[in-house]
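Let's take a walk through this structure together, stopping at a handful of places worth a look. Keep the sequence and the 3D view side by side as you read.

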Amino acid sequence: MSRARGDEEEYWHSSKFRAFTFDDEDDELSQLKESKRAVNSLRDIVDDDDDDLERVSWSGEPVGSISWSIKETSSSSTSSLEGRDSSLQKGSSSYAAFPKQVSSYSLSSLFKGRNKLPSFQSLSDALSDTGVKNYAPELRRPKAEYKDYSSDWSPKDTVRRMQRGKICSLERFRSLQDKLVLLDEAVAGHDGNVITAVLIFLKRTLRREILFRELEVRQVALCHLIHFLKETGEQKLLLDLLRFLDRTEEVALSQYREHLNIQDVEKRREFLKGCIGLPFSAEDTSHIQDHYTLLERQIIIEANDRHLESAGQSEIFRKYPRKASILNMPLVTTLFYSCFYHYTEAEGTFSSPTNLKKTFKIPDKQYVLTALAARAKLRAWDDVDALFTTKNWLGYTKKKAPIGFHRVVEILQRNNAPVQVLQEYVRLVEDVETRLNLATKYKCHDVVIETYRDLKDRIQLTAYKCKVERGSADEEKINSILNNMQIRWKN
Amino acid sequence: MAFAGRRDAPEAPDFGILKRLARDQLIYLLEQLPGKKDLFIEADLMSPLDRIANVSILKQHEVDKLYKVESRPAPSSSDQFCFLVRPRIRTMRYIADIVNADKMSGRSRKYKIIFSPQKFYACEMVLEEEGVFGDVTCDEWSFYLLPLDEDIISMELPEFFRDYFLEGDHRWINSIARALQLLNSLYGPFGKVYGIGRCAKMSYELWRDLEEESEGDSQGRKPEIGNIFLMDRDTDYVTALCSQVVYEGLVDDTFRIKCGSVDFGPDVTSSDKSIKVLLNAQDKVFSQIRNEHFSSVFGFLSQKSRNLQAQYDRRRGMDIKQMKNFVSQELKGLKQEHRLLSLHIGACESIMKKKTKQDFQEMIKAEHSLLEGFDIRESTSFIEEHIDRQVSPTESLRLMCLLSLTENGLVPKDYRSLKTQYLQSYGPEHLLTFHNLKRMGLLTEQSAGETLTAVESKVSKLVTDRAAGKITDAFNSLARKSNFRAISKKLGLIPRVDGEYDLKMPRDMAYVFSGAYVPLSCKIIEQVRPPIGVPPPCVSPCAPASFQGVRWGPSPRAGAPAGPEPELLPRPPGAGAPGLAGPGGGGAAAQRQRVLSLRVQVHLPDHGHHQQRPHDGGHHRGQGVRPGRGPQTPRQ
C-alpha cells in the first residue's frame with residue numbers, strides 16, 4: 001500500500017497532524033504559564049493551612065498508607081527495637097542483652113510450650129494461645145476433603161477438584177496410560193496451575209526420557225514444564241529437555257542467560273568465553289563474541305584508569321572524576337567514555353576510540369553521534385569542528401556529517417555551546433524551515449538574517465528587526481540589506 | 001463520571017462492594033492468626049492493598065509491624081509472622097529461609113502465608129522441598145478485582161502478560177475465570193459474552209465450568225452488567241504501542257500511573273516534596289481533562305483558573321455575614337479546586353518540558369507514517385538514530401515493534417542492523433530481549449515466503465472457526481500479506497480526513513492518537529454496539545450478525561434464544577442526537593464514546609520492575625503490553 005510520492009508530500013503538508021505541536025507553540029505555553037501565575041497568585045490566600053492536603057511523609061507516601069508505614073518500619077526497625085529495650089531496662093545495663101519477650105512469658109506459658117497433648121490443655125490455654133501451634137485454619141476445612149485420599153476420582157473429576165483448590169492424591173495414577181489421561185484432562189481444563197501440578201507428579205514418577213517423549217507431542221504441557229523448570233532453576237534438567245527437543249538455540253540462550261547471575265567480572269568474562277562456542281545462529285555468535293571482547297576490554301581499561309585516577313597525575317581525571325566504573329556498560333557508553341577520557345590516544349591502545357570503532361565495526365553515524373556528545377560535553381569545540389571537516393583532493397575543506405546537522409545543533413545546544421559555534425552548524429541545516437526555526441530559537445541572528453535575505457522575504461526581515469538588540473551590528477546588517485537596491489524582494 | 005454526562009445513562013453498578021468483600025476477607029484471614037503478628041507484604045501487593053485497607057485497619061487486627069518481602073532476613077522479635085504474598089517460587093524460598101533459620105536457632109514462631117489471589121501447587125511443592133510444609137499454614141485471599149475508578153476494574157496481575165504470551169503458561173486462567181464468576185454473581189447475569197483469542201476462549205470455558213457447578217440464585221435479578229467482551233492483548237498490540245496524546249495517557253507516560261495513583265514530584269508540586277495523588281473520577285479537574293487531547297487541556301485549565309480567581313474575588317465587598325457564609329461554605333471547595341488546578345497545571349508544564357526535550361514531534365510523525373505505511377525508510381532511520389543516541393531503550397523497542405507489526409516483520413537487513421545497534425547502545429544481554437520479542441511475534445524478521453506470523457495465525461484460526469460477517473472477513477484477510485494493512489482497511493482504523501483533523505471536537509476515537517489510528521479493540525466493540533447517534537439494531541435474539549464469528553453464545557441463564565437480551569446500555573434519546581455535551585462542554589465526543597465504559601484489565605504489569613530486568617523480556621511494557629498502559633487505552 002503506497003501512495004504516489006506527490007500524494008505523500010501533499011499529505012504531510014496538508015497539516016493534518018500539525019493541529020497540535022509540542023514545540024514552538026508559544027501561545028499555548030504562555031497560556032499555561034499565565035494560568036499558573038493566576039493560580040499561584042491565589043496561593044497566599046489559600047496556602048495558610050494545608051488542611052486539604054493529604055499528609056505526606058518525606059518520602060512522598062501519604063501518612064497512614066501501607067507503603068508509607070512499611071518504609072517507616074524498614075528504616076527505623078533496628079533503632080526502635082533498641083529504643084524499646086533500653087526504655088524497659090532503664091539503668092540496669094546488664095539486662096539489656098535479654099530479649100524483651102523473656103520477661104513477658106510466665107512460667108506456665110513456658111511449660112505449656114512443651115505440652116503437646118491437646119487433651120491436657122485447658123480451655124483458657126487454648127484461647128490465650130501464645131506459644132502453641134494454631135490449628136484453626138486446618139479445622140476450618142470441612143472434613144470431607146480428606147476423603148479424597150481414599151476415594152477413586154476419575155481423571156476428569158480429579159482435575160476438576162484440583163481446579164477448585166481441593167487436595168487430591170495423584171498416587172493412584174500409576175500406569176503410564178493413566179498418567180497421560182490425567183495430563184490430557186488437565187490440559188483440556190485450561191488451568192495452568194493444575195497442569196503444572198500434574199507435571200510435578202509425572203516428573204517425580206516417570207523416567208525423564210519417557211516424560212520428554214510424551215511431552216513432545218503435548219505442546220501446551222511442554223510449555224508448562226519448561227516454564228516450571230525455569231522458575232525453579234532446574235537448569236540441568238531444562239537443558240536436557242531442550243536438547244532432547246533439538247531446540248539448540250534455546251539451549252544456547254538459556255546457558256548464556258546464566259551470565260547475568262555472575263557478579264565477579266573475571267568469572268563472568270571466563271563464562272562468556274565459554275558461551276562463544278554455544279550453538280547460536282551465526283549472527284548471534286558474533287554478538288556473543290563482541291560481548292566477550294567488550295568485557296575483556298573494559299576490564300583492562302578499568303584497571304588502567306583506576307590506577308591513573310588514584311595516582312592523580314592525569315589532568316582529565318582530576319578535573320572530571322569518574323562517576324562509575326565502566327565495567328558491564330554497553331558498547332556505546334564505553335565509546336563515549338573513551339572519547340571523553342582517551343580521545344587523543346593512538347589507535348594501538350585498547351582504550352582509544354578509533355580502536356573501539358575498528359574492533360566493533362561501529363557505524364559512522366553512531367561513532368560521530370557519540371564522539372560529538374563526548375567532546376561537546378568537554379566543550380572541546382575544536383574537536384567538534386574536526387569531526388565534521390573533510391578535505392577533498394584539491395585541499396578544500398568542507399563540513400560533512402553522517403547525521404543531519406539539526407541533530408548536531410541539538411546536541412551542541414544541550415551542552416550549552418556558545419552562539420558562534422552553534423551558528424556555524426545551524427547554517428548547515430539543509431531544510432530552510434528547520435534552519436529558520438533553529439536559528440530563531442537559539443538566537444543565531446546572522447543565520448536568520450541571511451536566510452531571509454536569500455529568501456528575498458522583506459516582510460519577515462523587517463519584522464525580525466525587533467528581535468535583535470537596538471544599535472547592534474545585527475540591526476545594522478538588517479538595515480543595510482533592506483537598503484540594498486540590488487535585491488529583488490519578493491514582497 | 002462515565003455515566004454522569006448522560007442523563008439517560010443507568011446508574012453505575014456499585015463496585016465498592018468488591019473492595020468491601022476483599023477487605024472483609026483479609027480481616028477474616030488475619031484473625032485466623034489471633035494475637036500480635038508482624039505482616040510481611042510483597043512489594044507489588046502494597047499499592048493494591050493501600051486501595052482497600054489502611055494501617056489502622058491492620059492494627060485493629062493486631063498487626064504489629066509491617067515489612068516488605070525482600071531478600072534480607074527479617075530483624076523481628078514477634079512470635080507470629082504473616083506473609084501476604086503472590087504465589088511466586090522465589091517468595092516461597094524467602095519464607096522457607098526465614099523458617100529454617102528460626103529452626104536452626106531454636107526460635108519458635110507461627111507462620112502463615114496468605115496467597116493473593118490464589119496459591120499454586122508449585123508453591124506448596126517448594127515449601128515441601130524446603131522442609132517447612134506443615135510449619136506454615138496457607139490460605140488464599142481471593143482478591144481478584146480491584147476497582148481503580150468508577151469504570152475501571154483491574155485484576156492487577158503483573159505477571160499475566162509474560163506468563164501467558166511469552167511462556168505459554170495457563171496458570172492465571174483460573175483467576176480470570178473466578179473473577180468472571182465474581183462479577184457475574186454480584187452484577188450479573190451477563191447478557192452475552194463475546195471474545196477474541198485463545199486465552200479469552202479458555203477463560204470463558206473455565207468460567208462456564210465453574211458456574212455450572214455452583215448454581216447460584218441470580219435468577220430473576222436485574223443484571224447490572226450487559227455484555228462482556230474478552231479480548232486477548234495479542235489481537236491488538238498496535239493500540240498499546242502508539243503514543244497517546246490525551247492528558248491521562250501523557251500523565252502515565254511521564255509519571256507512571258500505578259494502581260490508579262501517581263506520584264507528582266517536586267517539579268510538579270512546586271515545593272520540596274512529592275505528593276501521591278489518586279487520579280479518578282473524584283478529582284473534579286482531572287475527570288474533565290483526562291480524555292481530552294492535550295492541546296485542549298491548556299485552554300480548559302486557564303478558563304478554570306480564571307473562574308477560580310473570579311470566585312475568590314467575590315470576597316471583596318462582602319459584609320461580615322456574607323464573608324462568614326463564604327468561609328464556611330465555599331472556601332473549602334475552592335481550596336480543594338485550587339490545589340487540584342495547581343497540580344494539574346504543574347503536571348502539564350512538566351509534560352511539556354519533557355516532550356519538547358525529546359523529539360516527540362518527530363516520533364509521532366514516525367509512528368503515523370508507520371501506521372499509514374508511508375516513508376518506511378525514513379521512519380526506519382529515525383528509529384536507528386533514536387537507538388544510536390541511546391534515548392530510552394523501551395521507546396526504541398516500542399517503535400521497532402510497531403514497525404514490525406505494521407510491516408509484517410522487518411526486512412532481514414534492517415532487522416540485523418537495528419538489532420546490532422540496539423545491542424551496542426543498550427547492552428549485549430538484550431540478545432535475550434530480542435529472542436523473547438521474536439517468540440511473541442512482536443518483533444520479527446520477514447522470511448521469504450512467510451505469510452503468517454505466530455500471532456496472526458492464532459487470531460485468524462480462532463475466528464475462522466465460524467466465519468461470518470465483516471470482522472471475520474477482516475481477520476481472514478490476515479492471511480494475506482500485510483495483515484495490519486488489511487485489517488485496518490477493512491475496519492477503517494485509519495481515518496481518512498480531508499483537511500485538518502479536529503482534535504477538539506473529534507469525530508472518532510482516533511483522536512487519542514492525534515487522529516492516526518482507531519484502537520482495534522474499541523472498534524470491535526463499536527461494531528457490536530453502535531455508538532449513540534446511530535439507531536441501535538432492534539433487540540435481536542442473537543448478537544448482530546456481523547459478530548457471530550467470534551461469539552461463543554449467550555450465557556445460558558440470560559439467553560433463552562428468544563428472550564430479549566438484558567439491556568444495560570443506554571438507548572439514544574433520538575437517532576439524531578450526537579454529542580450530548582458533557583459537564584466540561586468540550587468533551588462531548590469523549591462522553592459519547594464512553595457508552596460502554598466498564599473495563600476490566602487483566603494485567604497491569606509494573607514497568608519499573610520490567611525495565612530493571614530487560615533480559616527477562618520485560619520490555620513489553622510499553623508496549624502495551626505495556627502494562628501501565630491500562631488507563632491509557634481510550635476508555636470506551
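Predicted model: local features only at pLDDT ≥ 70, side-chain atom pairs only at ≥ 80, totals over all residues.

Now let's turn to charges. Side chains of opposite charge can pair when their charged atoms come close. Over all chains, a search of the whole structure finds 64 salt bridges. One of them joins A:K358 to A:E347, with 3.0 Å between the closest N and O atoms. This pair links distant parts of the chain: A:K358 sits in helix 20 (residues 353-359) of chain A, while A:E347 belongs to the loop between helix 19 (331-341) and helix 20 of chain A, 11 residues apart. How accessible are the two partners? A:K358 is classed as exposed because its relative accessible area is 58%, above the 50% cut-off. A:E347, at 39%, is partly exposed.

Another bridge runs between A:E424 and A:K399, where the closest N and O atoms are 3.3 Å apart. A:E424 is in helix 24 (residues 419-426) of chain A and A:K399 is in strand 2 (residues 397-399) of chain A, so this contact ties together parts that are 25 residues apart in sequence. A:E424 has a relative accessibility of 35% and therefore counts as partly exposed.

Which residues are linked in a network of salt bridges? The members are A:K230, A:R247 and A:E250 on chain A, together with B:R162, B:E167 and B:R439 on chain B.

Next, the surface. A patch of positive charge gathers A:K33, A:R37, B:K353 and B:K357. The elements that give two or more residues to this patch are helix 2 (26-41) of chain A and helix 14 (320-357) of chain B.

A nonpolar patch on the surface is formed by A:W393, A:L394 and A:Y396, which together have about 480 Å² of accessible area. To find A:W393, go to the loop between strand 1 (389-391) and strand 2 of chain A. Is A:W393 buried or exposed? Its relative accessibility is 77%, so A:W393 counts as exposed.

A:L253 lies in helix 15 (residues 248-257) of chain A and counts as buried, at 4% relative accessibility. From A:L253 to A:P279 there are 26 residues along the chain, and their C-alpha atoms are separated by 8.9 Å. A:T462, in helix 27 (residues 458-464) of chain A, is partly exposed at 37% relative accessibility. A:T462 is 17 residues from A:N479 in sequence and 8.6 Å from it in space, C-alpha to C-alpha.

Let's finish with the backbone. Most residues other than glycine have a negative phi, and most peptide bonds are trans. Against that background, the peptide bond from B:S116 to B:P117 is cis, with omega near -5°. B:P117 is in the loop between strand 4 (110-115) and helix 5 (121-129) of chain B.

Phi is positive, about 60°, at A:K443, although this residue is not a glycine. A:K443 is placed in the loop between helix 25 (432-441) and helix 26 (445-455) of chain A, and at 54% relative accessibility it counts as exposed. B:N408, also not a glycine, has a positive phi of about 65°. The loop between helix 17 (393-407) and helix 18 (412-426) of chain B holds B:N408. With 8% relative accessibility, B:N408 counts as buried because buried means under 20%.

Technical notes:
Residues numbered from 1 in each chain as written. Chains lettered and ligands numbered in written order. Heavy atoms only, no water. Patch = residues over 30% accessible without salt bridge, like charges linked within 9 Å, V, L, I, M, F, W, Y side chains within 5 Å. Areas by Shrake-Rupley, 256 points an atom, 1.4 Å probe, with all protein chains shown as cover. Salt bridge = Lys/Arg side-chain N within 4 Å of Asp/Glu carboxyl O. Lys, Arg positive; Asp, Glu negative; His and termini not counted. Charge placed at Lys NZ, Arg CZ, Asp CG, Glu CD. Helix = DSSP H or I, 4+ residues; strand = E, 2+ residues; numbered from the N terminus. Buried < 20%, exposed > 50% of the residue type's maximum accessible area, 1.4 Å probe, protein only.
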